[in-house]
Amino acid sequence: MLKLALISDYPPYKCGIANYTSYLANALSGTGLFDMCVISEGGRPDGTFPVYDTYSRKGSFRHDIVKKVTEIKPDIVHIQHALVLFPDTDEFLKMIEEISALGIKIFVTLHTADIGRSRKIDWGKFYETVLQHGHLIVHNEMCVNSVKHYNIPTEKVHVIPHGTAFLELPGKAEARKKLDLPTDEFIFLILGFIHPLKNHHTVISAFRGLKTAKKCRLLIAGMADRNTWYNRLYIFGCRVLSLFSKKITWHNVFVKNEDLPVYFGASDMMLMPYWQNYPSASGIFHLTIGAKLPVICSDCVKFSEVKNFIKEEDVFIPIFSISGWRRSMSKFAGNPDLLKKVTDKLFDYAKETSWPNVAAQHAEIFQKND
């Protein structure tokens with residue numbers, strides 16, 4: 001049995017990738033193929049495998065992680081990467097080299113795969129270094145194209161979609177009662193950490209001019225991403241913009257995992273107007289389609305993965321088109337048949353990307369490249 005160590009932040013650390021790692025770790029553990037553990041930032045055990053709270057992204061994470069890897073002696077190390085998880089790229093790449101020198105197979109999942117160069121990262125150097133010592137896992141072909149941009153061979157780049165969980169939801173009436181929401185309105189939901197690239201202001205502006213607004217409500221649930229002053233300022237601006245409508249409700253709180261089913265259950269449709277034109281995937285999107293909730297999303301690369309499964313123009317809206325968002329919202333709120341059609345198609349994609357299926361794809365490449 002292969003000894004597998006996942007490296008990532010982990011619940012109760014408040015982060016989408018921490019939740020992702022928890023789902024993946026438990027699904028991999030469920031295959032029975034690995035003797036596994038998690039080397040984490042801020043994690044505590046939540047399954048049948050050890051979770052070691054080992055490092056901090058703000059500290060000497062390279063030293064702490066390599067020391068723990070040396071102690072555990074895994075056959076395979078699987079690292080979750082995003083700039084926010086490992087802000088010091090030079091230290092991260094040195095860590096890759098040191099783990100590789102121990103004779104350990106390395107896989108790195110990129111939750112963002114971009115191009116260009118900044119003070120924090122040179123993407124060309126990053127891809128080249130990781131692939132010299134191990135394998136890359138990305139969520140879609142757009143991410144593969146980021147590697148190809150640098151004329152780097154991609155035979156060690158593997159496409160595995162973001163996984164989908166299937167939450168058990170309360171009934172709509174019960175969920176709305178818990179959230180103190182009316183029972184007779186069509187509720188659009190925007191959920192998750194808030195920052196300017198989530199583009200809430202465009203949807204708020206669109207909702208204010210909705211002709212069916214008397215029968216609809218926009219529910220915005222979430223807190224400022226990393227609680228920074230500029231994200232709090234963005235929320236303030238959006239709330240001022242919301243004052244012009246009595247049908248916009250704010251729950252400016254951190255939505256705990258255990259409260260997600262209530263928000264999904266209370267809502268009729270999720271809105272994802274993200275202005276994030278870099279290849280990545282959305283955990284909230286996958287939770288939403290797993291909850292059988294239809295989605296309207298911005299026409300950007302973040303949602304490129306699902307375009308192979310659904311072509312309806314009303315689902316993908318130009319990012320800043322207030323009229324486009326207004327038209328689509330109005331159409332879905334007044335057309336139950338269209339709503340069901342989109343819901344069913346998205347749920348088919350949810351089943352294809354279930355966590356057991358995604359774990360099996362990981363297991364296959366781990367074993368094949370051992």
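Good morning, everyone. A word of caution to start: this is a predicted model.

Let's begin with the whole protein. Its secondary structure comes to 13 helices and 13 strands. Along the principal axes, the C-alpha atoms fill a box of roughly 65 × 40 × 40 Å. How does the radius of gyration compare with that of a compact globule? For 370 residues, a compact globule would come in near 21 Å. The protein has 21 Å, so the two agree.

Now the sheet. Strands of a sheet pair through backbone hydrogen bonds, either parallel or antiparallel. Here we have an open sheet of six strands, with parallel pairing. Read across, the order is β10-β9-β8-β11-β12-β13. Which strands sit at the edges? They are β10, residues 248–251, and β13, residues 316–317. Each of these pairs on one side only.

Look at β8 and β11 in that order. Strand β8 covers residues 186–191, and strand β11 covers residues 269–272. The two run parallel and are joined by two bridges. Find F188 there: M269 in β11 stands opposite.

Next, a helix on this sheet. Helix α10 is residues 283–290.

Two packed helices are described by the angle between their axes and the distance between the axes. The partner is α12, residues 336–352. The angle is about 110°, and the axes are 8 Å apart. An angle of 65 to 115 degrees counts as roughly perpendicular, so that is how α10 and α12 stand to each other. Their crossing is left-handed.

Which residues meet there? From α10, we have F285, H286, I289 and G290. From α12, we have L346, F347, Y349 and A350. By class, that contact has six nonpolar residues, two polar and no charged ones.

On to the second pair. Helix α7 is residues 200–208, and helix α8 is residues 229–242. They pack at about 5°, with axes 10 Å apart. That makes α7 roughly parallel to α8.

In this contact, α7 brings H200, H201, I204, S205 and R208. Helix α8 brings Y234, C238, L241 and S242. The residues divide into four nonpolar, four polar and one charged.

Technical notes: Residues numbered from 1 in each chain as written. Predicted model: local features only at pLDDT ≥ 70, side-chain atom pairs only at ≥ 80, totals over all residues. Heavy atoms only, no water. Pairing = 2+ DSSP bridges. Helix = DSSP H or I, 4+ residues; strand = E, 2+ residues; numbered from the N terminus. Contact = heavy atoms within 4.5 Å. Axes fitted to C-alpha atoms, helices over the stretch in contact; angles between N-to-C directions. Parallel < 35°, antiparallel > 145°, perpendicular 65-115°, else oblique. Left-handed = near helix turned anticlockwise from the far one by under 90°. Nonpolar A, V, L, I, M, F, W, Y, C, P; charged D, E, K, R; others polar. Rg over C-alpha atoms; globule rule 2.2 N^0.38 Å.
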